[in-house]
Structure formats: structure tokens, C-alpha cells
Amino acid sequence: MVKNLLYNSLAKYYDKIYHWKDYKKETKKIIELINKHKKSKGKELLDVACGTGTHISLLKKKFNCTGVDLNEDMLRVARKKVRGVVFRKADMASFSLNKKFDVITCLFSAIGHLKTDRQIERAIESFSRHLKQGGVLVIEPWITKETYSGDLPFMRTYDSDNLKIARLNVSKKKGDMFILEVHYLVAERGKGVSYFRETSRLKFSETGKMLKYMKKYGIKAKFLKNGLMKGRGLFVGVKL
């Protein structure tokens with residue numbers, strides 16, 4: 001996959017950029033779903049595309065957590081922030097850890113960064129291969145074509161005494177892809193103002209295909225319309 005500025009050069013600012021995200025509320029719902037569906041007896045949890053490890057920092061209170069991510073800069077932040085957890089560099093479409101887990105999560109629409117159906121299918125195959133019988137898979141997808149709200153401009157900011165960040169983006173739909181153009185302004189004490197721009201491509205989620213792939217690899221799953229974030233939903237499945 002193409003490197004993304006946010007996950008590399010800007011990784012040290014990632015938690016500030018997403019300071020508005022309610023990780024505690026999301027984690028509470030994830031744990032409720034796990035408790036409702038999990039049939040395996042253990043507490044081993046794998047967070048795929050774990051980013052800077054914020055979900056893991058909360059999930060580790062209930063589970064023995066492992067995190068994998070493709071981006072070393074994000075993992076560097078995670079290792080510093082969350083102690084006592086193994087973080088490994090791995091691609092969600094092809095990872096192999098020689099271990100099975102009771103829970104596998106893939107959150108914040110990370111799976112949307114996979115650009116082809118084949119990559120998505122390979123990822124779900126990898127998830128299934130690492131999941132114990134009776135274990136739970138939780139995937140937060142990207143939006144669908146139907147839930148795409150159009151090319152409205154969007155902005156969020158972070159404001160502290162020593163650091164100011166503005167993130168502005170516009171988007172458009174092109175076939176099966178969501179094209180996101182993002183602009184960052186970062187003002188930091190003693191460092192002046194920096195400007196960054198990047199264009200990301202995310203694949204629109206297709207609910208039917210996702211459920212088909214999970215069924216193919218032995219996971220009985222359902223799609224919950226009301227997920228962790230508005231308009232994205234959530235897949236929850238159990239390994240048969």
C-alpha cells in the first residue's frame with residue numbers, strides 16, 4: 001500500500017488530530033459485543049491496523065492484547081504510549097503471527113485502505129486463520145456509496161498553547177473509490193508553520209461482499225447499522 005503522510009510523517013500528531021474521537025465510548029461498545037458473542041474461553045485479542053494503540057490502551061484492561069500495523073511511525077508512538085503490549089509491523093492482507101486469538105478487531109475503517117476485492121478477501125482470510133473457534137471478529141468498515149454524503153468541505157482543529165493544527169479536506173467519488181484530498185497546517189512553538197497536503201484513496205465498503213467473504217472463511221457474521229461512528233456500521237462475526 002502507498003504510504004500515507006498521516007501515518008508516517010504526521011504520526012506524532014495523530015492523537016492530537018483525532019482528539020475529538022471518543023475511544024472510551026467505542027471501547028465500551030466493543031467489549032459489550034465481545035461479551036455477547038464470544039464462545040471461546042481465552043482473553044487473547046489482536047487489533048489489526050492498531051495505529052497509535054489508543055483502543056488497545058483501553059482494551060488491555062480486559063484482554064491480553066497484541067497490535068499490528070503497517071506503519072512503523074505509528075507503532076513507534078504506540079510502543080511509547082502503551083506498555084506491556086507486543087506491537088508488530090505487518091500488512092493486514094498478509095500477516096502471519098503463528099498464534100490464534102479469541103478476539104480480532106480492525107477498527108476506524110482501516111480496512112477501507114485496501115484497494116481491491118482480492119486484498120479485502122485476503123485480509124478476511126488472514127483474520128479467520130488467526131481466530132480461535134468461537135472467537136469474535138469485529139470490523140469497522142468504511143462508508144458505502146449509498147452513505148456517501150457528497151463533496152462537502154470539512155474541517156477539524158486542535159488548539160493548545162504550544163501546538164495548533166488545522167485539518168481540512170474535500171472528497172469525491174470515482175467508481176468504487178472515495179478520493180480524499182487533505183490539507184494540514186501545523187503551527188508549533190519554536191518550529192514555525194508547516195503545510196502538508198496528500199490525496200488518499202479508500203475503497204467504498206460493500207456489505208454483501210464482506211459478509212460473503214466472512215462466510216467463505218468460516219465466520220458467521222452480521223452487519224450492525226449502528227456502529228461506532230455515524231454512517232459506517234460494524235461487522236461482528238463468530239468463527240465456526
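Guide: Two strands pair if DSSP finds at least two bridges between them, where strands (E, at least two residues) and helices (H or I, at least four) are DSSP runs, numbered from the N terminus. This is a predicted model, in which local features need pLDDT of at least 70, side-chain atom pairs count only at pLDDT 80 or more, and totals for chains, interfaces and linings use all residues. Residues are numbered from 1 along each chain as its sequence is written, and side-chain values use heavy atoms, with hydrogens and water left out.

The sheet is open and has 7 strands, in the order S3-S2-S1-S4-S5-S11-S10, with mixed pairing. At its edges stand strand S3 (86-89) and strand S10 (219-224), each with a single partner strand, so one side of each is left without a neighbour in the sheet. From one strand to the next the twist averages 15 degrees; angles run from 0 to 180 degrees between N-to-C directions, along axes that are lines fitted to C-alpha atoms, for helices over the stretch in contact.

Within this sheet, strand S4 (residues 101-106) pairs with strand S5 (residues 131-139) in the parallel sense over 5 bridges, and Thr 105 stands opposite Val 138 in S5. Helix H2 (residues 23-37) packs on the sheet, touching strand S1 (44-48), S4, S5, S10 and strand S11 (234-239), and its direction makes about 30 degrees with that of S11; contact here means heavy atoms within 4.5 Å. Helix H4 (residues 72-81), in turn, lies across strand S2 (64-69) and S3, running at about 175 degrees to S3.
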